Amino acid sequence: MSPIVEGFSALLDPTVALCVLAGAVLGMLVGAFPGLTATMAVALASGFTLALDPIPGLAVLLTIYVSANFGDRVPAILVNTPGTPASIATTFDGYAMAKQGRAGLALTSSAFASAIGTVVGVVLLMVAAIPLSRLALQFGPAEMFALVVFGLTMMIGVSGGRITKGLMAGVLGLLLGAVGRDPITGAARFTFGIPELSEGVPFIAAIIGLFGIAEVFEQVLTHRPSKVKPITQFGKWFPTREDWREMGKPLVIGGGVGSVVGAVPATGGDIAGIIAWDQARRRSKRPERFGKGSLEGITAADTSSNATLGGSLTTTLSLGIPGDSVMAVMIGSMVIWGIQPGPSLFTGSPELVYSIAGLMLVATVLTLGISLLRMRGVVKLLELPPHFLWAVVLVFCMVGTYAVNNNVFDVGVMLVFGLVGLFLRRFGVPPGPIVLGLLLGELAEGNLRRALEIGGVGNIATSPIAVAILTVSVLALVVPPLREGLRRRRSARAADTETARSGEHVG
Amino acid sequence: MPAAPIPAPGESGAAEAAPGPSRPRSRLRELVPALAGLALGLAVLVLTAQIPEGAGLTGFSPRWWPEGLALLLIVLSVVHAALSWARPGAGEAPSEATRTGALRLVSLVLTILGYGVLWYFIDFRVSTVVLFAALTYLTGGRGWKALLVFPVVTTGVLYLLFGVLLRVPL
């Protein structure tokens, strides 16, 4: 049977339909609540999807991934607060449109743009995943080590704040990945005689702690009642033919930008949305409207941030390097199901790429339908007091973590990581590189060791692919601070010149 | 220009996205992670010495990777401390914690620890209803709907999902 037919026919199981529906509802709710992210929801869902078969389990996780990127536009448009970071750029024009009495149009055009963006990403996944994995099959230990470094540095580069803090977080993650048995000799490392640690730090417990518990703790610690009331005047809902014409160019720009940004490891919809919004503004006939309620602006941002989903999946599944933080979490579940993302995945089971693409498409259509029908109801959710949400997330995190191995030790680890995550947030240390380091630690160590044993440092230095990837990694770390330094120096110089001029005038 | 708050990219949580007061970054806020990193690096170095060397099957002992990482962490911590001391940034600081928030947080952690003990002695359904009610009360929920109906319904959903459908021994 052809992989395409085999892949799509795996979705005909009624359990899969139920899982997609559950994932869509859960994802929309998670997206609509500011404070809950897709990463957190997928981490939480990992606890109860591990009992399912891989395809139904993936149906839940992938649908959450897709639908959270629809639901998060609602608070972005109605209360000027992104539901998840992927909808930051939606607020630029979405809230302005809502204030102008065009909230209905903003919500529906955002939903259409998000759906089109996701489909663009899925097409990229279907076209590029298998060729990319074939190319990556040629990679030896040196190239694989370089790829791991690349993934880590990209996440550090885009995490914001000082690069050194991101690097420290990455190294901490790699150190956590060293807990357990040495991958080659089997010697116990940092297990302190605790049998549960001989398999390493429980990954699901760690990510639920870092993303779920820490998030709730942070909100509890800093919560202040919001004075912003959701917009309730919606105006017209569906775009006219003229509106669609206006949306054409930003749809193309958003789709292109999102596909490229999504394929870069560790970058997500937040960055893609902002870049596409800016690109659309530069190419618009009416750039002055951007940020003041432009339909072009919201379309470009939402198409782009959703187009990253396919690119991100492509990188994750073909190379084994997470395309974004949701994928970092999802890899943990995949490994438990026996699916090892990486170059050999699609050569062994090419039908999986079509099953995943099919799931994404079904999830997109379903979520678009829900988005167009149920937007008014979601407004009421925005008025729900946060204490209900905090209690639900905390208890679900605990029970979900326990359910992975039926072990209270995991719950303790989760709580410890929750407190560590809170500490990191308070001191501006990004948690993403820690998760990535924990996930990729064994891959990094094993490949570096093999590369060095085969031919010493020369084995890495003489591989053009490894050198190119490592060069890009270094540039990703060095260029942003250099650019920032130059920008500061220029503005300081401009300020000095201005002061000197005004001094002359006074004199 | 956009009026919305722009959180740090990288999907690390929407708390970053939530609007909040921002203060200039203090030296202390930068030095604490550096000191923590330094202490952790040194502790790992000490612990690494306790890892058995192995039978010399390969050219690399099980110690070399964590040792290398610990040294890297120490170097990065020192560099970060030096950079932060020399040029304290003025970027966004995290939202300011409130006194009520801190009290609530401590009581939440204690409640969760207490739940661990309670679960050991009392049936999951009963202890979880108590936990939900306590968490809701501590975070500001009041009234019979918040403290009775909500805990019972959510515990029911939780038990149905994990205990009945997924057959997790709760």
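Guide: A residue is called buried when its relative accessible area is under 20%, exposed when that area is over 50%, and partly exposed in between (1.4 Å probe, protein chains only). The model is predicted, so local features need pLDDT of at least 70 and side-chain atom pairs pLDDT 80 or more, while totals for chains, interfaces and linings use all residues; side-chain values use heavy atoms, without hydrogens and water. Residues are numbered from 1 along each chain as its sequence is written, and chains are lettered from A, with ligands numbered from 1, in the order of writing.

Let us begin with the loop. In chain A, A:Phe190 is found in the loop between β2 (188-189) and α10, and A:Phe192 is also placed in the loop between β2 and α10 of chain A. These labels denote DSSP runs numbered from the N terminus: helices (H or I) of at least four residues and strands (E) of at least two. The backbone of A:Phe190 has a phi angle near 50°, a positive value in a residue that is not glycine. For A:Phe192, phi is again near 50°, and this residue too is something other than glycine. Their surroundings may now be set side by side. A:Phe190 has a relative accessible area of 12%, and it therefore counts as buried. A:Phe192, by contrast, has a relative accessibility of 58% and is therefore classed as exposed.

Two further residues of chain A extend the picture of burial. A:Val30 belongs to helix α2, which spans residues 14-32 of chain A. Its relative accessibility is 7%, so A:Val30 is buried. From the C-alpha atom of A:Val30 to that of A:Pro239 the separation is 26 Å, and these two residues stand 209 residues apart along the chain. A:Ser133 is part of helix α7 (residues 103-137) of chain A. With a relative accessible area of 0%, A:Ser133 is buried as well. Between the C-alpha atoms of A:Ser133 and A:Gly332 there are 20 Å, and along the chain the two residues are 199 residues apart.

Rings of Phe, Tyr and Trp (its six-membered ring) pair if their centres lie within 6.5 Å; the pair is stacked if the planes are under 30 degrees apart, edge-to-face if over 60, and tilted otherwise. One of the pairs is formed by A:Phe92 and A:Trp277; their centres are 4.8 Å apart, the planes make an angle of 80°, and the arrangement is edge-to-face. This pair connects distant parts of chain A: A:Phe92 is located in helix α6 (residues 88-99), A:Trp277 in helix α12 (residues 269-282), and 185 residues separate them. A:Phe92 has 4% relative accessibility and so counts as buried. A:Trp277 also has a value of 4%, so this residue is buried too.

In chain B, the ring centres of B:Tyr120 and B:Phe121 are 5.3 Å apart and their planes stand at 90°, which makes the pair edge-to-face. Both B:Tyr120 and B:Phe121 are exposed. There is also an aromatic cluster, made up of A:Tyr402 together with B:Tyr115, B:Trp119, B:Phe124 and B:Tyr159.

A charge sits over a ring if NZ of Lys or CZ of Arg is within 6 Å of the ring centre and within 35 degrees of the ring normal. B:Arg142 likewise lies over the face of B:Tyr137, where the distance to the ring centre is 3.8 Å.

Chain B has five helices and zero strands, and its pattern along the sequence reads α-α-α-α-α. Of the 170 residues in chain B, 41% are buried. An automatic or database assignment supplies the domain bounds: in chain B, domain 1 covers 25-50 + 62-88 and domain 2 covers 99-169. Taken over C-alpha atoms, the centres of domain 1 and domain 2 of chain B are 38 Å apart.
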